[in-house]
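Subject: Model for your files

Hello,

Here is the model we discussed, with notes on what was found in it. Please read the notes with the structure open.

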Amino acid sequence: MNPDRRQLLRWGAAAAAGAALAPGFRLIELAQARSPQEAASRLQRWGLLIDITKCGECDACVTACGEENGWTGHGRAETDPQWIRTVHLRDRRTGYAQTLPLMCQHCEHPPCVDVCPTGASFKRADGIVLVDKHTCIGCRYCVMACPYGARSFVHEAVSGQKPDVPRGKGTVESCTLCVHRVDRGETPACVEACNRDGGGAMAFGDLNDASSTIHRRLVNEPSSQIRADLALNTGVRYQGL
Amino acid sequence: MASLHYREIDGRSGAYAALLAALGALVLAGLAAAWTMEHQGHHITGMTNRIVWGLPHVFAVFLIVAASGALNVASIASVFGRELYKPLARLSGLLAVTLLAGGLAVLVLDLGRPERLIVAMTHYNFKSIFAWNIFLYTGFFALVAVYLWTMFERRMNRHSARLGLAAFVWRLVLTTGTGSIFGFLVAREAYDSALLAPLFIVMSFSFGLAIFVLVLMAACRWTGRPLGDAVLERLRKLLGVFAAAVLYFVAVYHLTSLYMTRQHEVERFFLWDGGIYTALFWLGQVLIGGIVPLALLFGTASRRALAAAALAVILGGIAQVYVLIIGGQAYPQLMFPGKDVSSSFFDGVVASYAPSLPEAALAVGGVALALVLTALALKVLPFLPRSLADGELAA
């Protein structure tokens, strides 16, 4: 066998092996991604880490959430929905002022889910707390039960709904952690806007994934939960609070 | 007692027709209000994202609490064997059913999606107290209906005591469930107390008996049936004990709360500088609902004083439920201790609430529904004895 022919066979064998193994590697990659039909997995716990020392006087996250989810109101502050809001704090003794975004905290033990009579308020396996708009009867017990005032009741007819974000008059709604984007492998709209137009205060990720940035930061840096006394194990954590 | 005769009310007078027409108009107004709220959305009410339960809930909870209490008179007769109360047992059972129907109608019609009631009947989350209550309320209807049947049907009379005991236990559980709607809300400073369950039970004793007394006096007076002093004397003392018990539980509730430093601010709100809620607490709940009835019930023995005391208990009771439900939501949720909080979503401030006409109409419609059902039932079936005169009862 001349050297050229040997070389050719060697390359051929390598190509055949590559062709045989590559789909296998691709399958592993596919297996790690989630198809739209596949249920959310409890191996993941989606969450946010918000460094409020970087949070200034902007409303990039609030505006982005409203546009993404289509909940902009009717100019009636008391009845318009708000999925995320900017909260201003001032220490009563020292006067120290802070600003932070507040939304559904995606608790591991959500009181809204406990009290919902029909099970319309539910927590996905990956920790995202949602409302099933088909079984919500509009009793508002979850609004009473939420420690964060994070839920809104839809007080009037809605128009211009986004295809990914069903809403309805007479039902309750709140931050979905942009579940439709998360399922596509994207980050929530507020986080994207904060990092693009704001102070870069918000980070999103899988709290269970040891290799994720959010996990590493929670392991190495101090953080806190709002109303930690209730032991709800929130998916949204704060720094600098 | 053996010769006790019951008879339907005649119900052919102009006054009876006028009563039905007036109550019917209020029921229709309530339905129209519910229809408007359903189509326009709740923005036409005074309710907001901070006060999500408004006046309809105040009346619904009041009626539901009173319903379980209205059954007490029957319970005293069949569970505790007091013969004097036996002639009153049928009316007591009737009011328990009609008041509950009125309260539940308001509750359901105030839902954001009342047409989805079927969903609530087919999808259950058994960790929710609301889900338990759906069974407690429907079970109460069924149990009291059978209990009434054992009173009406001579062959079934011997089962009456057992059914009465079952209904009595059921109603205690039911009111515990109603109180626990608020008692289990850990997120709000004004609620989150196991004491709310027994407080609701004594409230039910008091409110239910007050309504029973007024309906009994009105029914006997308007149908010309004798109503002896012996019955009224017992009811007078009983109402006094219940009104005092409510005051006692309210005092324990607030004193317990006052002892805890973290509760000082919420107590200050209710007892001192909470504006309308402080006024309703001291003037409505304590003075009109507690002190005035006690003075009337134990100070004088006239029928007019008894009726006035019962009315005061009802008005004070509505004030009490208003302070609890609306005031408890108006007080800002504590999320950041030691900080002044502000936001576009009214964090950190006392939420404002002004009931609108539609929700008031719905609330009053529920009361009217309970009363019109009572008036109709009295004409259809013999709920009332022909006479409650002292001589006949002592026989």
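A crossing of two helices is called left-handed if the near helix is turned anticlockwise from the far one by less than a right angle, and right-handed if clockwise. Helices (H or I, at least four residues) and strands (E, at least two) are DSSP runs, numbered from the N terminus.

This is a predicted model, in which local features need pLDDT of at least 70 and side-chain atom pairs count only at pLDDT 80 or more, while totals for chains, interfaces and linings use all residues. Residues are numbered from 1 along each chain as its sequence is written, and chains are lettered from A and ligands numbered from 1 in the order in which they are written.

Helix pair in chain B

The crossing of α2(B) and α7(B) is left-handed. Helix α2 (residues 55-70) of chain B packs against helix α7 (residues 160-183) of chain B at about 160°, the axes being 9 Å apart. Axes are lines fitted to C-alpha atoms, for helices over the stretch in contact, and angles run from 0 to 180 degrees between N-to-C directions. The two helices α2(B) and α7(B) are therefore roughly antiparallel (angles over 145 degrees; under 35 is roughly parallel, 65 to 115 roughly perpendicular and the rest oblique). From α2(B), V61(B), I64(B), V65(B) and S68(B) make the contact, and from α7(B), R171(B), L174(B), T175(B) and T178(B) (contact: C-beta atoms, placed from the backbone, within 7 Å).

Sheet in chain A

An open, mixed sheet of three strands has the order β8-β1-β9 (chain A). Strands pair if DSSP finds at least two bridges between them. β8 (202-206) and β9 (236-239) of chain A are at the edges with a single partner strand each, so one side of each has no neighbour in the sheet. The twist averages 20° from one strand to the next. Strand β1 (residues 46-51) of chain A pairs with β8(A) in the antiparallel sense over five bridges; L49(A) has A203(A) in β8(A) as its bridge partner. Helix α6 (residues 189-196) of chain A packs on the sheet, touching β1 and β8 of chain A, at about 135° to the direction of β8(A).

Between the chains

In the interface, 45 residues of chain A are in contact with 36 residues of chain B. β2(A) gives the most to the side of chain A that touches chain B, with seven residues. Five bridges join β2(A) to strand β2 (residues 339-343) of chain B, and the two run antiparallel. D91(A) has K339(B) in β2(B) as its bridge partner.

Regards

Methods:
Two residues are in contact if their C-beta atoms, placed from the backbone, lie within 7 Å.
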